[in-house]
Amino acid sequence: VLLSHSFFFLMIRRPPRSTLFPYTTLFRSGGNSKSSFFPWLKNELEKKGYDAYCLDLPNTENPTEEEQVDFILKNFKFDENTILFGHSLGAVDAMKVVEKLDNKIAGLVLAGGFIEPKFTDTQRIFENKYKWEFNFDKIKKKVGWITILSSVDDYAVPFEQGKILHQ
């Protein structure tokens, strides 16, 4: 179970079938790459043969959709071997990135994700800095598979948000 007070965005590069080890990049939104469970996750991925990198996104204390998504798109390559993993706001960023891709990626994992800022604990500074509209048909066409991870006891994101994403 991955629980955090902050957000993250993970990019995993699945290897071509002839390659032994995939390429992994962790993107951070909220806090930094050394906090929360990032060091543990990076270590676990490396144990399994992944090259893992944990990178910080810009302006994480006051993120905007445009700044976060543009940074990701400008700094990373996405292809048929890419698997994106987003937690919390990172799930929103991952969906926004996929919408803008010209090509298809391998997969998308959304953990503790949401499609509207309806939190059970407190308002978030980014609520008015993101467009809460998603082209789910486009997202589905751009990924080989999608996995949704939600928790019935998430302190901030209602379980219903995961149900909505699942549809």
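**Charge over a ring, aromatic pairs and a cavity**

Modeller: Arg124 lies over the face of Phe119, at 4.4 Å from the ring centre. The model is predicted: local features need pLDDT of at least 70, side-chain atom pairs count only at pLDDT 80 or more, and totals for chains, interfaces and linings use all residues. Residues are numbered from 1 along each chain as its sequence is written, and side-chain values use heavy atoms, with hydrogens and water left out.

Biologist: What makes Arg124 count as lying over the face of Phe119?

Modeller: NZ of Lys or CZ of Arg must be within 6 Å of the ring centre and within 35 degrees of the ring normal. At 4.4 Å, Arg124 meets the distance limit. Lys96 lies over the face of Phe134 in that sense too, at 4.5 Å from the ring centre.

Biologist: Why is the pair of Phe114 and Phe119 called edge-to-face?

Modeller: The structure holds eight aromatic pairs. In this one, the centres of Phe114 and Phe119 are 5.0 Å apart and the planes 80° apart. Rings of Phe, Tyr and Trp (its six-membered ring) pair if their centres lie within 6.5 Å; planes under 30 degrees apart are stacked, over 60 edge-to-face, the rest tilted. So 80° is edge-to-face.

Biologist: What is the geometry of Phe114 and Phe126?

Modeller: Their centres lie 6.3 Å apart, with 20° between the planes, and the pair is stacked. Both residues lie in the loop between strand E5 (105-111) and helix H4 (136-142), so the pair ties together parts that are 12 residues apart in sequence. Strands are DSSP runs of at least two residues, helices (H or I) of at least four, numbered from the N terminus.

Biologist: Which residues form the aromatic cluster?

Modeller: Phe114, Phe119, Phe126, Tyr130 and Trp132. Phe114 and Phe119 are buried, and so is Phe126. Buried means under 20% relative accessible area, exposed over 50%, partly exposed in between (1.4 Å probe, protein chains only).

Biologist: How do you know that E5 is largely enclosed?

Modeller: Seven of its seven residues are buried, so the rest of the structure largely encloses E5.

Biologist: What makes E4 and E5 a pair?

Modeller: DSSP must find at least two bridges between two strands. E4 (residues 82-87) and E5 have five, in the parallel sense, so they qualify. Leu84 stands opposite Leu108 in E5.

Biologist: Which residues line the largest cavity?

Modeller: Among them are Gly112, Gly113, Asp154 and Phe159. By class, the lining has three nonpolar, five polar and one charged residues.

Key:
On a 1 Å grid over the protein atoms alone, a cavity is a set of points where a 1.4 Å probe fits but cannot get out, and a pocket is an open set with protein on both sides within 12 Å along at least five of seven lines; lining residues have an atom within 4 Å of a point. Ala, Val, Leu, Ile, Met, Phe, Trp, Tyr, Cys and Pro count as nonpolar, Asp, Glu, Lys and Arg as charged, and the others, Gly among them, as polar.
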